[in-house]
Amino acid sequence: VGGRLVYSTCSLNPIEDEAVVAAVLRKYGAAAALLPLPDLPGLRSSPGLERWLVTHPEEQTYWQQHDDVPPELQEKVCPAYFPAPPDSDEAR
């Protein structure tokens, strides 16, 4: 098929940034590739996060993986919000 998708946000929230890119890579596997940006004058960039915490929707509680979310909240807190486990094929 082919093509190019460029994803850019003004957010500093990894759930709106890295988690979206990670979900695309999970869904499309080898059909999608993450490529480095070309050197563009005036454009500043930084590497994305590999790990991030997800916060409780109403409290100051943080989780590293979906399995840490209490059972009563697991339907509200989407598994796609979290990074791939470090030992998984998705993390490579």
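# Getting to know His-66 and its surroundings

Q: At what distance does the side chain of His-66 reach the backbone oxygen of Val-77?
A: This is a predicted model, in which local features need pLDDT of at least 70 and side-chain atom pairs count only at pLDDT 80 or more, while totals for chains, interfaces and linings use all residues. Residues are numbered from 1 along each chain as its sequence is written, and side-chain values use heavy atoms, with hydrogens and water left out. A polar contact is a pair of N or O atoms within 3.5 Å; within protein, one must be able to donate a hydrogen and the other to accept it, and residues adjacent in sequence count only if both atoms are side-chain atoms. Here the side chain of His-66 and the backbone oxygen of Val-77 are at 2.7 Å.

Q: What pattern does the protein chain follow along the sequence?
A: Helices (H or I, at least four residues) and strands (E, at least two) are DSSP runs, numbered from the N terminus. The protein chain has one helix and two strands. Read along the sequence, they give the pattern α-β-β.

Q: Is His-66 buried or exposed?
A: His-66 sits in the segment after strand S2 (62-63). Buried means under 20% relative accessible area, exposed over 50%, and partly exposed in between, with a 1.4 Å probe and protein chains only. Because its relative accessibility is 15%, His-66 counts as buried.

Q: Which residues does His-66 touch, not counting those up to four places away in sequence?
A: Contact means heavy atoms within 4.5 Å. Val-77 is one of the residues on this list, and its backbone oxygen is also the one reached by the His-66 side chain.

Q: Which eight residues make up the largest nonpolar core?
A: In soluble globular proteins, nonpolar side chains tend to be buried together. A nonpolar core is a set of buried Ala, Val, Leu, Ile, Met, Phe, Trp, Tyr and Cys residues joined through side-chain atoms within 4.5 Å. Val-77 belongs to this core, and beyond four places in sequence its contacts include Val-54, Trp-63, Val-69 and Phe-82. The eight residues are Ala-19, Trp-52, Val-54, Trp-63, Val-69, Leu-73, Val-77 and Phe-82.

Q: What accessible area do the residues of the nonpolar surface patch with Tyr-28 have together?
A: Tyr-28 lies in helix H1 (residues 18-28) and is partly exposed, with a relative accessible area of 46%. Accessible areas come from the Shrake-Rupley method with a 1.4 Å probe; for residues, only the protein chains shown count as cover. Tyr-7, Val-20, Val-24 and Tyr-28 together have about 330 Å².

Q: Which side chain makes a polar contact with the side chain of Ser-11?
A: Ser-11 lies in the segment before H1 and is buried, with a relative accessible area of 17%. Leaving aside neighbours within four places in sequence, it is in contact with Glu-16 and Asp-17. The polar contact, at 3.1 Å, is with the side chain of Glu-16.

Q: What separates the C-alpha atoms of Asp-17 and Tyr-7?
A: Asp-17 is also found in the segment before H1, and at 14% relative accessibility it counts as buried. Its contacts beyond four places in sequence are Tyr-7, Thr-9, Ser-11 and Leu-12. Asp-17 and Tyr-7 are 10 residues apart along the chain, and their C-alpha atoms are separated by 8.5 Å.

Q: Is Pro-41 buried or exposed?
A: Pro-41 has its place in the loop between H1 and strand S1 (54-55). Its C-alpha atom is separated from that of Tyr-7, 34 residues apart along the chain, by 19 Å. With 83% relative accessibility, Pro-41 counts as exposed.

Methods: Patch = residues over 30% accessible without salt bridge, like charges linked within 9 Å, V, L, I, M, F, W, Y side chains within 5 Å. Salt bridge = Lys/Arg side-chain N within 4 Å of Asp/Glu carboxyl O.
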